[in-house]
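Thanks, everyone. I'll keep this short. Have a look at the model on the screen, and then we'll go through it piece by piece.

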Amino acid sequence: MKTFISAAVCAPLLCTLGRADPDLRVEVPTCAGRLSAQLEFQWLTRDPAAARTEAARDAMLALLGAVVEGRGDETAMALRIEAKLAHATLLHRATFASVGMDAVRAERLAHRNVATCTKLVAGYLDVQLDDGNPNVDPTLGKPESAIALLE
């Protein structure tokens, strides 16, 4: 009886060990899309922060590969595309809105969304900065935190 109870308690835990957290399976593709849109916008506007965003996007794509693991590729791609389009629209509104407050709100939301995504890969980005990754502009100096990468 004791073995049966132990098995009943441990079985659900063992079944979930190989799976990513459902929140990560939504958040990581969403962040990959947002960072892709941010990077494309920075390329178009010749923003020097594009190198830092590219490093964050590359780290997010690596994380996406680990989270999806061949299951749910279609769902992850759909989430990524939807987030990329939504973030690109937000950046467009922040830049070209005719109403000043609308532009300010859009800019704040875009910044907050990208900062949230960058937090997911902050440790990786810190290591990349320490290792002299060519995707990170050395003239920018090492920030105190990877969160400052996109500020």
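Start with a charged pair: the side chains of Asp102 and Arg93 form a salt bridge, at 3.7 Å from N to O. By salt bridge I mean a side-chain nitrogen of Lys or Arg within 4 Å of a carboxyl oxygen of Asp or Glu. A word on the ground rules. This is a predicted model, so local features need pLDDT of at least 70, side-chain atom pairs count only at pLDDT 80 or more, and totals for chains, interfaces and linings use all residues. Residues are numbered from 1 along each chain as its sequence is written, and side-chain values use heavy atoms, with hydrogens and water left out.

Lys84 is partly exposed, at 28% relative accessibility. Glu40 is partly exposed too, with a relative accessible area of 36%.

Arg57 and Asp58 also meet in a salt bridge, at 3.0 Å from N to O. Here Arg57 is buried, with a relative accessible area of 15%. Asp58, at 28%, is partly exposed. The background is simple: side chains of opposite charge can pair when their charged atoms come close.

Now the overall fold. The protein chain has 6 helices and 0 strands. Helices (H or I, at least four residues) and strands (E, at least two) are DSSP runs, numbered from the N terminus. Buried residues account for 33% of the 151 residues in the chain. The chain exposes about 9,300 Å², and carbon and sulfur atoms supply 60% of that. Those areas come from the Shrake-Rupley method with a 1.4 Å probe; for residues, only the protein chains shown count as cover.

Contact here means heavy atoms within 4.5 Å.

Next, the inside. The largest nonpolar core has 16 residues. A nonpolar core is a set of buried Ala, Val, Leu, Ile, Met, Phe, Trp, Tyr and Cys residues joined through side-chain atoms within 4.5 Å. Those with the most contacts inside this core include Val28, Leu35, Met60 and Cys117. Helix 2, helix 3 and helix 5 each give two or more residues to this core. Which helix gives the most? Helix 3, with 7 residues. There is also a second, separate core of 5 residues, including Leu90, Leu91, Ala94 and Ala110.

Ala94 lies in helix 4 and is buried, at 19% relative accessibility. Leaving out residues up to four places away in sequence, Ala94 touches Ala103, Ala106 and Glu107. Its C-alpha atom is 9.2 Å from that of Leu109, which is 15 residues away along the chain.

On to helix 5, residues 100-120. Among the buried residues of helix 5 are Ala103, Ala106, Ala110, Asn113 and Cys117. As a reminder, an α-helix has 3.6 residues a turn, so residues three or four places apart point the same way.

Asn113 is in helix 5 and is buried, at 15% relative accessibility. Beyond its neighbours within four places in sequence, Asn113 contacts Arg34, His87 and Leu90.

Last stop, a loop. Arg46 has a positive phi of about 55°, although it is not a glycine. Where is Arg46? In the loop between helix 2 (22-44) and helix 3 (50-68). With 76% relative accessibility, Arg46 counts as exposed.

Terms used
Buried means under 20% relative accessible area, exposed over 50%, partly exposed in between (1.4 Å probe, protein chains only).
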